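Let's take a friendly walk through this model together. Have the sequence and the coordinates open side by side.

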Amino acid sequence: DDTYELRIKEVDLLRIHVVDAAGQSLAGAPVGLRMREGSSANAMMRNLTDENGWANLRLFPMLVESMSSANTFAALLGLYAEPIEEAVDLKDLPADGITLVMPESGSLTVNLVGEDGLPMEEYLAVSLQIVDPNQAQTVNGPESRPDLSDTSSTGKVVYAAVGFGLDILV
């Protein structure tokens with residue numbers, strides 16, 4: 001008779017609270033865990049805040065071991081002039097969670113249509129670049145901001161959170 005023992009390690013939760021400039025909790029805000037290496041960044045996990053403005057990111061032990069805490073950030077995912085994020089040590093999580101302040105924002109829908117005016121239903125990539133109007137050049141390209149790129153096979157890409165006052169190239 002073979003007996004097996006299975007030990008399950010408790011999973012840590014990184015709690016992120018999103019509020020507006022007045023301190024009011026925001027439901028449905030996109031958040032994630034971002035890892036930076038040089039000029040590139042990857043969103044490793046994503047979630048939306050609940051009706052009370054809180055989101056939980058489950059930190060599995062293998063993930064924690066593979067990520068360098070010096071380059072790991074709790075982030076508000078969206079298109080903003082500057083990333084909205086806070087450094088986090090995955091091995092010493094803040095007991096009260098992390099609070100991020102979402103600036104005034106809206107959403108952006110990119111509709112991909114062919115010459116016939118119908119949605120393009122093949123698999124396409126969409127990349128956005130934020131333009132710095134003072135320098136007439138783009139800043140924070142897709143290689144440094146994973147939230148600037150997305151794909152679609154339906155002819156539509158929706159960016160749920162976009163800061164006001166940005167000049168954007170598609």
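We begin with confidence, then turn to a few residues.

This is a predicted model, in which local features need pLDDT of at least 70, side-chain atom pairs count only at pLDDT 80 or more, and totals for chains, interfaces and linings use all residues. Residues are numbered from 1 along each chain as its sequence is written, and side-chain values use heavy atoms, leaving out hydrogens and water.

The protein has an average pLDDT of 82, with 86% of the residues scoring at least 70; pLDDT is the predictor's confidence in each residue, from 0 to 100. Where pLDDT is low, the predicted coordinates should not be read in detail.

Now find strand β2, residues 30–37, which holds Arg34 (strands are DSSP runs of E, at least two residues, numbered from the N terminus). Arg34 counts as buried because its relative accessibility is 0%; buried means under 20% relative accessible area, with a 1.4 Å probe and protein chains only. The Arg34 side chain makes a polar contact with the side chain of Glu85 at 2.8 Å (a pair of N or O atoms within 3.5 Å, where one must be able to donate a hydrogen and the other to accept it, and residues adjacent in sequence count only if both atoms are side-chain atoms).

Gly32 is also found in strand β2. At 0% relative accessibility, Gly32 counts as buried, and its contacts beyond four places in sequence include Ile16, Met45 and Phe73.

How values were computed: Helix = DSSP H or I, 4+ residues; strand = E, 2+ residues; numbered from the N terminus. Buried < 20%, exposed > 50% of the residue type's maximum accessible area, 1.4 Å probe, protein only. Contact = heavy atoms within 4.5 Å.
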